[in-house]
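Subject: Structure handover

Hello,

My notes follow below it.

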Amino acid sequence: MAQLFELNNGTMQVKVSNYGCTITSLSVPDKDGKLADVVLGFDSLGPYLKGAAPYFGCIVGRVANRIKDGKFTLSGIDYALPINKPPNSLHEGRQREADLGIASNVHGAWGHNGFDKVIWDVAEHKQGETPSITFKYHCRDGEEGYPGDVSVTATYTLTSMTTMRLDMEAVPENKATPINLAQHTYWNLAGHNSGNILDHSIQIWGMHVTPVDQNTVPTGEIMPVKGTPFDFTSEKKIGSFIHEVPGLGYDHNYVLDCGDEKLGLKHAAKLKDPSSSRVLNLWTSAPGMQFYTANYVNGVVGKGGAVYGKHGGVCLETQGFPNAVNQPNFPSVVVQPGEEYKHSMLFEFSVE
């Protein structure tokens with residue numbers, strides 16, 4: 001059964017569901033100590049279960065992001081995935097992005113859905129100074145077209161007063177398989193109901209992006225950001241050059257290649273809201289980060305009746321590179337049986 005659980009250390013409060021390991025609410029203080037919920041979402045689990053959320057707050061997998069034409073070859077076998085974002089597979093799963101409002105017309109022998117649309121088991125839920133919750137899911141061979149059984153765990157922990165850590169692990173049991181999990185929360189540090197994030201500033205510790213074709217799939221090229229609208233190597237407003245980006249806004253994978261390290265994780269991004277002075281520093285073990293400015297969100301009615309529009313939030317999805325399974329020059333996302341996939345993220349909130 002889909003349920004909501006709370007992590008609360010007296011300063012920050014997080015609500016998370018076993019449905020898709022979804023963060024439905026996360027409240028942190030501003031410069032005056034005033035709490036606000038800084039993630040887009042719904043008041044109850046109903047809309048998530050009905051597929052009304054464009055991946056709000058969930059963990060996506062077995063493979064996040066786009067796979068070109070929904071196809072790949074591994075160990076000499078051709079695999080075909082649901083084409084849920086024609087002509088490609090996006091984030092795994094049969095449901096096309098809900099905010100496009102188009103019904104899926106995929107037919108095939110796939111069972112289940114992506115990790116974001118299944119109920120995970122609650123393995124452990126701890127209270128106290130460093131509250132945490134651990135979710136487990138056993139993904140079967142052939143689920144969504146992917147090879148082999150995989151055991152997956154995800155643990156959210158409030159490691160300090162205003163820091164949350166996410167540790168994701170997955171072990172293929174009997175076949176090599178691509179694995180690439182991503183946390184898909186939409187952030188708005190001014191508060192989920194405060195309009196667009198174009199005034200937020202961001203710094204991204206990536207000197208390269210992986211440019212995309214007309215269907216938002218990486219071409220295989222690794223392009224320096226210098227002198228382009230993708231250059232956030234120094235802090236600047238998200239809205240500064242967004243109109244120069246082809247398409248509807250940012251939806252691009254950054255190569256995280258220049259960040260300092262802490263606790264074995266590298267600095268991926270620093271997001272800042274000028275109105276509340278809230279800051280989010282994100283650290284990760286992943287090689288890339290999809291920077292997505294909620295380009296397709298259009299009139300989604302969320303918490304407290306707030307209407308979320310285009311650019312109403314920003315996603316900082318650390319991950320392996322999109323379509324890596326078909327790009328030999330990208331870091332491999334294939335994991336062998338008995339090996340362990342590990343991906344950790346540290347969300348550090350502050351004010352400045």
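Arginine 62 sits in the loop between strand S5 (59–60) and strand S6 (66–67). A cis peptide bond joins glycine 61 to arginine 62, with omega at about 10°. Please keep in mind that this is a predicted model.

There is another cis bond to check. It joins proline 86 and proline 87, and omega there is about 0°. Proline 87 is in the loop between strand S8 (77–80) and strand S9 (89–90).

Next, positive phi values. Tyrosine 55 has phi near 65°, a positive value in a residue other than glycine. Tyrosine 55 belongs to the loop between helix H1 (46–49) and S5. Its relative accessible area is 4%, so tyrosine 55 is buried, the cut-off being under 20%.

Asparagine 323 also deserves a look. Its phi is near 60°, again positive in a residue other than glycine. Asparagine 323 lies in the loop between strand S28 (314–319) and strand S29 (334–335). With a relative accessible area of 4%, asparagine 323 is buried.

**Confidence**

The mean pLDDT of the protein chain is 93. Of its residues, 94% reach 70 or more. One stretch needs separate handling in your notes. Over residues 95–111, pLDDT stays under 50. For that stretch the model has 41 contacts beyond four places in sequence.

**Strands and sheets**

Four strands make up an open sheet, in the order S1-S2-S3-S4. The pairing is antiparallel. Which strands stand at the edges? They are strand S1 (4–8) and strand S4 (35–37). Each has a single partner strand, so one side of each is left without a neighbour in the sheet. On average, neighbouring strands of this sheet are turned by 20° against each other, direction ignored.

Strand S3 (residues 23–29) is joined to S4 by three bridges, and the two run antiparallel. In this pair, serine 27 stands opposite aspartate 37 of S4.

Now to strand S30 (residues 341–351). S30 pairs with S13 in the antiparallel sense, over eight bridges. Here methionine 164 is opposite phenylalanine 347 in S30. S30 also pairs with strand S24 (residues 278–284), antiparallel again, over seven bridges. Arginine 278 has valine 351 in S30 as its bridge partner.

**Salt bridges**

How many salt bridges does the count come to? Eleven. Here are some of them.

Aspartate 116 forms one with lysine 117. Their closest N and O atoms are 2.5 Å apart. Both aspartate 116 and lysine 117 are buried.

Lysine 175 forms another with aspartate 141, the closest N and O atoms being 3.1 Å apart. This pair links distant parts of the chain, 34 residues apart. Lysine 175 is in the loop between strand S13 (163–172) and strand S14 (177–178). Aspartate 141 is in the loop between strand S11 (132–139) and strand S12 (150–160). Are these two buried or partly exposed? Lysine 175 has a relative accessible area of 35%, so it counts as partly exposed. Aspartate 141 is partly exposed too, because its relative accessibility is 38%.

Aspartate 167 forms a salt bridge with arginine 165. The closest N and O atoms of that pair are 2.9 Å apart. There is also a network: salt bridges that share partners join Glu235, Lys270, Lys272 and Glu352 into one.

**A buried asparagine**

Last, asparagine 253. It lies in strand S21 (residues 251–255). Is asparagine 253 buried or exposed? Its relative accessibility is 1%, so asparagine 253 counts as buried.

What does its side chain reach? The side chain of asparagine 253 comes to the backbone nitrogen of methionine 289, at 3.3 Å. Leaving aside neighbours within four places in sequence, asparagine 253 is in contact with His208, Val209, Thr210, Gly288, Met289, Gln290, Gln319, Phe321 and Pro322.

Best regards

Methods:
Residues are numbered from 1 along each chain as its sequence is written. This is a predicted model: local features need pLDDT of at least 70, side-chain atom pairs count only at pLDDT 80 or more; totals for chains, interfaces and linings use all residues. Side-chain values use heavy atoms; hydrogens and water are left out. Buried means under 20% relative accessible area, exposed over 50%, partly exposed in between (1.4 Å probe, protein chains only). A polar contact is a pair of N or O atoms within 3.5 Å; within protein, one must be able to donate a hydrogen and the other to accept it, and residues adjacent in sequence count only if both atoms are side-chain atoms. Contact means heavy atoms within 4.5 Å. A salt bridge is a side-chain nitrogen of Lys or Arg within 4 Å of a carboxyl oxygen of Asp or Glu. Two strands pair if DSSP finds at least two bridges between them. Axes are lines fitted to C-alpha atoms, for helices over the stretch in contact, and angles run from 0 to 180 degrees between N-to-C directions. pLDDT is the predictor's confidence in each residue, from 0 to 100.
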